[in-house]
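These are my notebook entries on a structure that I had not examined before. I set down what I looked up, entry by entry.

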Amino acid sequence: GGDPNYAAAPAQPPTAISTWEGVFGADTLMVPWRDFVDKMLKNVRSDVSSAEEGVLRYIIDTSQTGMVSRFKFVEFLKGFGPLRDCIANMKEVLGAPWFFGFLSKRETELVLLGQPPGTFLVRFRISKDSYYAVAAVKDDGSILHVLVRPDQRNDSGGFIVRDSHQRERSFRTLATVVAKYRKVFKQPLSYSLSNEPWFHGELSSDEAAEMLAGRDIGTFLIRFSGNTKGGYAMSWLEAANSVSHVRFERRPKDGRSDEEAAAAVAAAGGRLDAGYHYYVPGEGKSFATMEAVIAHYSTFLKVPLKNPHSVVNELMAKQIRDDEAAAAAAGGGAGGGLGS
């Protein structure tokens, strides 16, 4: 009972530190990635696939330094521990339809803008007091943000959420958090540009230009537009040292009111193109989706500038396909896929 709310900060888990020290020694604060995989992970499970290792590396070594610090290892186990289950837990979370990876709070609110009440997503929120956050659209259209903090009272993992009555509740997995508050978290966000490799979230035009500088002609990205509610902007390298920008406003389609557009989106299960289209200010042409925009301008949008966050999505998609193929080959069908 009670809507979930924010929780207090936990202490650092001694079990993760003692595990690290037992493998690498008390004085070792950083090890090469290969040593980490061979000495730590392969003691847990010997058949770590290349896709699984790629996802692990992206989470633990986001900057691709080739090293793993004790701090990063401790942080990783906060969200995916205990160690013996970390790979299975990682696959379950990252393969879930409601998980959207690395989004800021602001980007989360922009992604959920215009969605029907009860639409939700889960994202990383790695800090001293949490590892994940759940965001859901409330009945008035505002966004509820819920911190999910690691349960560090023992070495078996799990999470703690504080509800609106200030009661702490323990959960074994993120999936059980979502299930417990299903009256608040009704349906996962069904579509989002945040999973597209060419989408870069909240960037200014100057930041976009800096990222595109020195790339091949025709390199492009899509980003949130800071000037319009629910709008996007397209930036591309039109010529050497010349970046162009086009803004797209989101408006109700076919002359509908905002209320009619919102009702159409809700009836279509959160599909924004059911109620809205995107327009270039001053021009009459409209587009149902940003994918349609890219297709329309494909003569000069040649190469997407890949957002590194999409690496996780690509690797997890590959792992899901590999798991389903292995299950089918073993005669088990595809029912054992991720996110179940």
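**Entry 1: Thr219**

In which strand does Thr219 lie? I found Thr219 in strand β11, which spans residues 219–224; helices (H or I, at least four residues) and strands (E, at least two) are DSSP runs, numbered from the N terminus. The model is a predicted one, in which local features need pLDDT of at least 70, side-chain atom pairs count only at pLDDT 80 or more, and totals for chains, interfaces and linings use all residues. Residues are numbered from 1 along each chain as its sequence is written, and side-chain values use heavy atoms, with hydrogens and water left out.

Is Thr219 buried or exposed? Thr219 counts as buried because its relative accessible area is 4%; buried means under 20% relative accessible area, exposed over 50%, and partly exposed in between (1.4 Å probe, protein chains only).

I then looked up the surroundings of Thr219. Its side chain reaches the backbone oxygen of Asp216 at 2.7 Å. Leaving aside neighbours within four places in sequence, I noted contacts of Thr219 with Leu212, Ser235, Trp236, Leu237, Val303 and Leu305, where contact means heavy atoms within 4.5 Å.

**Entry 2: a nonpolar patch**

Which residues make a nonpolar surface patch of about 280 Å²? I recorded Leu29, Met30 and Met67. Patches are made of residues with over 30% relative accessible area and no salt bridge; like charges are joined within 9 Å, and nonpolar side chains (Val, Leu, Ile, Met, Phe, Trp, Tyr) within 5 Å. Met67 belongs to strand β3, residues 67–69, and is partly exposed at 30% relative accessibility.

**Entry 3: salt bridges**

How many salt bridges does the structure hold? I noted 14, a salt bridge being a side-chain nitrogen of Lys or Arg within 4 Å of a carboxyl oxygen of Asp or Glu. Side chains of opposite charge can pair when their charged atoms come close.

One of the pairs is Arg70 with Glu21, whose closest N and O atoms are 3.2 Å apart. This pair links distant parts of the chain, with Arg70 in helix α4 (residues 70–80) and Glu21 in helix α1 (residues 14–24), 49 residues apart. Arg70 is partly exposed at 22% relative accessibility, and Glu21 is partly exposed at 30%.

I next turned to Asp85. Its side chain meets that of Arg84 in a salt bridge of 3.7 Å, N to O. Arg84 is exposed at 55% relative accessibility, whereas Asp85 is partly exposed at 25%. Asp85 also forms a salt bridge with Arg172, again at 3.7 Å from N to O. The latter pair links distant parts of the chain, 87 residues apart: Asp85 is in the loop between α4 and α5 (86–94), and Arg172 is in the loop between β8 (168–171) and α7 (174–180). Arg172 is partly exposed, with a relative accessible area of 40%.

Finally, I recorded a network of salt bridges that links Arg34, Asp38 and Glu53.

**Entry 4: the whole protein**

I closed with the totals. The protein has 11 helices and 16 strands. Of its 340 residues, 46% count as buried. Among contacts between residues at least 6 apart in sequence, 52% join residues at least 24 apart.

Key
Polar contact = N/O pair within 3.5 Å; in protein donor to acceptor, adjacent residues only side chain to side chain. Areas by Shrake-Rupley, 256 points an atom, 1.4 Å probe, with all protein chains shown as cover.
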